[in-house]
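Here are a few quick notes from my pass through this one. Have a look at the model first, then read on.

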Amino acid sequence: MKRMLWISGFAVLACTAFVLAAGSAQAVCLADHLSCYKIKDTPGTRTVSTKDLTESLQGQSISVTGCQVQTPPKMACLPTCKSPSGPPSGQAQAVPLLCYKVKCPTSTLPTVSLGDQFGMHTLTFGTASKLLCAPTCRGAGAPCSSGADCCTGNCDGNNICS
């Protein structure tokens with residue numbers, strides 16, 4: 001019986017060490033990527049709003065007026081840590097993004113060369129944007145740590161969005 005308890009104790013200690021090691025590995029990994037999923041919004045109220053977009057590409061601003069943004073969102077992109085990581089690393093992605101179908105007037109974007117850790121790419125853009133992704137915020141009743149976390153901007157003394 002004592003031997004069984006010692007083995008169980010050793011297994012718990014080994015599992016704890018593994019979890020702590022895995023947790024510390026996560027802590028050093030920068031969530032500078034996004035993983036995107038197709039989603040369904042419930043109840044999914046459909047609306048359309050008109051927005052003007054100013055896109056930025058290699059220091060050049062491209063203005064597109066009269067884009068029709070359709071709700072509900074079609075995709076959600078989550079901050080992601082990829083390992084092994086490799087240069088170049090990007091900026092940390094702090095919050096999930098919700099992506100909406102968008103219909104924009106035709107615009108002309110230049111062909112550009114962009115590189116990432118997977119290689120160099122010569123990109124020719126289509127004639128109009130198809131998705132618009134927006135950062136998320138926390139709704140009423142959600143846990144929060146600062147006013148910036150809440151959609152209302154109000155994080156109460158109990159760290160709950162109001």
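Predicted model: local features only at pLDDT ≥ 70, side-chain atom pairs only at ≥ 80, totals over all residues.

1. Numbering starts from 1 along each chain as its sequence is written, and side-chain values use heavy atoms, with hydrogens and water left out.

2. Strand β4 (residues 97–103) pairs antiparallel with β3 (residues 60–80) over six bridges; pairing here takes at least two DSSP bridges between the strands, and strands are DSSP runs (E, at least two residues) numbered from the N terminus. Across from Val 102 in β4 you'll find Val 69.

3. β4 also runs antiparallel to β7 (residues 131–135), joined by five bridges. Leu 98 has Ala 134 of β7 as its bridge partner.

4. Thr 54 sits in strand β2. Is Thr 54 buried or exposed? With a relative accessible area of 59%, Thr 54 is exposed (buried is under 20%, exposed over 50%, partly exposed in between, with a 1.4 Å probe and protein chains only). Val 64 is ten residues away in sequence, and the C-alpha to C-alpha distance from Thr 54 to Val 64 is 6.2 Å.

5. Arg 46 is in the loop between β1 (33–38) and β2 (47–57), and counts as exposed because its relative accessibility is 69%. Arg 46 belongs to a positive surface patch together with Lys 38, Lys 40, Lys 74, Lys 101, Lys 103 and Lys 130. Patch residues have over 30% relative accessible area and no salt bridge, with like charges joined within 9 Å; a salt bridge means a Lys or Arg side-chain nitrogen within 4 Å of an Asp or Glu carboxyl oxygen.

Methods:
Patch = residues over 30% accessible without salt bridge, like charges linked within 9 Å, V, L, I, M, F, W, Y side chains within 5 Å. Areas by Shrake-Rupley, 256 points an atom, 1.4 Å probe, with all protein chains shown as cover. Lys, Arg positive; Asp, Glu negative; His and termini not counted. Charge placed at Lys NZ, Arg CZ, Asp CG, Glu CD. Helix = DSSP H or I, 4+ residues; strand = E, 2+ residues; numbered from the N terminus.
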